[in-house]
Amino acid sequence: MASIRLRAAALTVAVAALLTGCATTGPAGHPSPSVTATPTAVADARVAGAVAALRGLEETYDATLGVYAVDTSTGRAVGYRADERFAYASTSKALLAGAVLASVDDADLDATVRYTADDLVSYSPVTEGHVGEGMPLRDVIAAALRSSDNTAANLLFRQLGGPDGLQRALRALGDTTTTVAREEPDLNEATPGDDRDTSTPRALAAALRSYAVGDALSPERRRLLLDDMTGNATGAALIRTGVPADWTVADKSGAAAYGTRNDVAVVQPPGGAPIVLVVMSRKQAKDAAYDNALIADAARAVATAFS
């Protein structure tokens, strides 16, 4: 911990020097040339500070962390293990919802999706109350995003033709990385070295950006997706806790074996452009407990780079 604090202090000094453009003392007591605090230099220092903080969090929480965040206006990004694979767990529900919203018309959204008790799987707090009568598709989407209802997710898979349907939708977006293989709850197995139901922080951020910020959906469908993600009841202790209180967060969390804890979000600073932020984590033991605080602390570190 002491070494982490020392690195953080050194980075704070470096950033302060860039911000103030102050002179430093050179060899033999001669003043060094003052540092010009260009916007690029300040931004680079903040990104470097964020990456160092993320590295320190891995030591603090004894976990592997993967992060990618991008300002959708400037393209400025923060990445840490951004191209390493992690089990995506229930964060896939955001992509499922996006893919379904891109493939149906308004009449389909209002049509009733019927299912039976045999379709219910573990953790289905909304759909278990509507067996037999069914639910409008728009409510199935809301159940998957707002309550992380697993049966709702599988009904969205069914709408797309199964995992292969989501895979095709992501490939159409240009995502050649994410591997979709199973439905809920099997996709939460998260066995190390198994590429099934995995992605990378960078790839997930790109797909989420296409649906929630880009033109993969109409403006009306984007609002529907973001409204449901803003109402997510499972993400309060994650990215929302880490970013400034006046930033709006639309997120979808996920958890799986091996201490997997993830959160993917579109965060909106006041007066700024949306930032797409993906935080993924895992631990070594199959029965390891996940840490919500790790995700919040990672989001806090990243937010400093975009302040």
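Predicted model: local features only at pLDDT ≥ 70, side-chain atom pairs only at ≥ 80, totals over all residues.

Colleague: Let's begin with the whole chain. How many helices and strands does the protein chain have?

Modeller: The secondary structure comes to 11 helices and 9 strands. Of the 307 residues in the protein chain, 50% are buried. Sequence separation is worth a look too: among contacts between residues at least 6 apart in sequence, 63% join residues at least 24 apart.

Colleague: Now helix packing. What describes two packed helices?

Modeller: Two packed helices are described by the angle between their axes and by the distance between those axes. Take helix α7 (residues 163-173) and helix α8 (residues 201-212): they pack at an angle of about 85°, and their axes are 10 Å apart. Angles of 65 to 115 degrees count as roughly perpendicular, so α7 and α8 are roughly perpendicular to each other.

Colleague: Which residues make that contact of α7 and α8?

Modeller: On the α7 side they are Ala169, Leu170 and Leu173, and on the α8 side Ala207, Ser210 and Tyr211. By class, the residues of this contact divide into 5 nonpolar, 1 polar and no charged.

Colleague: At what angle do α3 and α7 cross?

Modeller: Helix α3 (residues 92-103) and α7 cross at roughly 80°, and their axes come within 10 Å. That makes α3 roughly perpendicular to α7. Here Leu95, Leu96 and Ala99 of α3 meet Leu166, Ala169 and Leu170 of α7. The residues of the contact of α3 with α7 divide into 6 nonpolar, no polar and no charged.

Colleague: On to charges. How many salt bridges does a search of the whole structure find?

Modeller: The general idea is that side chains of opposite charge can pair when their charged atoms come close. The search finds 18 salt bridges in the whole structure. One of them joins the side chains of Glu58 and Arg81, at 2.7 Å from N to O. This pair links distant parts of the chain, 23 residues apart: Glu58 lies in helix α2 (residues 39-61), and Arg81 lies in the loop between β2 (77-80) and β3 (86-87).

Colleague: Are Glu58 and Arg81 buried or partly exposed?

Modeller: Glu58 counts as buried because its relative accessibility is 11%, whereas Arg81, at 31%, counts as partly exposed. Another salt bridge joins Glu189 and Arg182, at 3.4 Å from N to O. There Glu189 is partly exposed at 38% relative accessibility, and Arg182 is buried at 13%.

Colleague: What about a salt bridge inside one helix?

Modeller: A helix has 3.6 residues a turn, so residues three or four places apart point the same way. Arg223 forms a salt bridge with Glu220, with the closest N and O atoms 4.0 Å apart. These two are 3 residues apart in helix α9 (residues 219-230), so about one helical turn separates them. Arg223 is partly exposed, with a relative accessible area of 48%. Elsewhere, salt bridges that share partners join Arg182, Glu189, Asp194, Arg196 and Asp197 into one network.

Definitions and conventions
Residues numbered from 1 in each chain as written. Heavy atoms only, no water. Axes fitted to C-alpha atoms, helices over the stretch in contact; angles between N-to-C directions. Helix = DSSP H or I, 4+ residues; strand = E, 2+ residues; numbered from the N terminus. Parallel < 35°, antiparallel > 145°, perpendicular 65-115°, else oblique. Contact = heavy atoms within 4.5 Å. Nonpolar A, V, L, I, M, F, W, Y, C, P; charged D, E, K, R; others polar. Buried < 20%, exposed > 50% of the residue type's maximum accessible area, 1.4 Å probe, protein only.
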